[in-house]
Amino acid sequence: MGALDYFSNLCTVTSTRKSRRKPMQTVDIKVKMDCDGCERRVKNAVSSMKGVKTVEINRKQSRVTVSGFVDPNKVLKRVKSTGKRAEFWPYVPYNLVYYPYIKEAYDKKAPSGYVKNVVQALPSPSATDERLTTLFSDDNPNACSIM
């Protein structure tokens, strides 16, 4: 059996080049689209890329969601090549942000329920106002038993 394995290894064609496949990911991009033509142009440009599985467009939110084995920077570059201003989706749901209405996070142009994704200062652990509000909360099962 050793001789057969040796000859099969000689006859097998192997590539020395290692191809690294991009991971499956979802890319959200903010693109201002006014009409069906703009939407179609962006969708055609992105869906023709290699590795793209799905393209979802929400014109009301000015949002394009691309899923597939793609590089986020290449997707952004392809969207910009259509002549539209584009940037990565800068918003997060407001309930994920600790202080959603501070000056840097609140944006009037954001879709409803979203605020800008900014680095925010967390309250200090010794802040009593945060601890007291959760201490007497009806949602907290370990709240004060007097209530």
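Arg63 and Asp28 form a salt bridge, with their closest N and O atoms 3.0 Å apart. The model is predicted. This pair links distant parts of the chain. Arg63 belongs to strand S3, residues 63–68. Asp28 belongs to strand S1, residues 25–31. Why does Arg63 count as buried? Its relative accessibility is 16%, and buried means under 20%.

S1 and S3 run antiparallel and are joined by 6 bridges. S1 has another partner, strand S4, which spans residues 86–88. S1 and S4 pair in the antiparallel sense, over 3 bridges. Here Val31 has Ala86 of S4 as its bridge partner.

Arg63 has a further contact. Its charged end sits over the ring of Trp89, 4.4 Å from the ring centre. How many aromatic pairs does the structure hold? There are 2 aromatic pairs. Trp89 and Tyr91 have ring centres 5.3 Å apart. Their planes stand at 80 degrees, so this pair is edge-to-face. Trp89 is buried, at a relative accessible area of 12%. Tyr91 is buried too, at 5%. Trp89 also pairs with Tyr114, with ring centres 6.0 Å apart. The planes of Trp89 and Tyr114 are at 90 degrees, so this pair is edge-to-face as well. Trp89 lies in the loop between S4 and S5, whereas Tyr114 lies in strand S6. The pair therefore ties together parts that are 25 residues apart in sequence. Trp89, Tyr91 and Tyr114 form one aromatic cluster.

Now to the other salt bridges. Side chains of opposite charge can pair when their charged atoms come close. The count of salt bridges comes to 5. One of them joins the side chains of Glu39 and Arg59, at 3.2 Å from N to O. Which parts of the chain does this pair link? Glu39 is in helix H2, residues 36–47. Arg59 is in the loop between strand S2 (52–58) and S3. These two residues are 20 residues apart. Glu39 counts as partly exposed, at 22% relative accessibility. Arg59 is partly exposed as well, at 30%. Asp36 joins Glu39 and Arg59 in a network of salt bridges.

Lys32 and Asp34 make a salt bridge too, at 4.0 Å from N to O. Are these residues buried or exposed? Lys32 counts as exposed because its relative accessibility is 54%. Asp34 also counts as exposed, at 54%. The cut-off for exposed is over 50%.

Tyr94 is found in the loop between strand S5 (91–93) and strand S6 (114–116). Tyr94 is partly exposed, with a relative accessible area of 41%.

Arg63 forms a salt bridge with Asp28, and its charged end sits over the ring of Trp89. Trp89 in turn forms one aromatic cluster with Tyr91 and Tyr114.

Key: Residues are numbered from 1 along each chain as its sequence is written. This is a predicted model: local features need pLDDT of at least 70, side-chain atom pairs count only at pLDDT 80 or more; totals for chains, interfaces and linings use all residues. Side-chain values use heavy atoms; hydrogens and water are left out. Helices (H or I, at least four residues) and strands (E, at least two) are DSSP runs, numbered from the N terminus. Buried means under 20% relative accessible area, exposed over 50%, partly exposed in between (1.4 Å probe, protein chains only). Two strands pair if DSSP finds at least two bridges between them. Rings of Phe, Tyr and Trp (its six-membered ring) pair if their centres lie within 6.5 Å; planes under 30 degrees apart count as stacked, over 60 as edge-to-face and the rest as tilted. A charge sits over a ring if NZ of Lys or CZ of Arg is within 6 Å of the ring centre and within 35 degrees of the ring normal.
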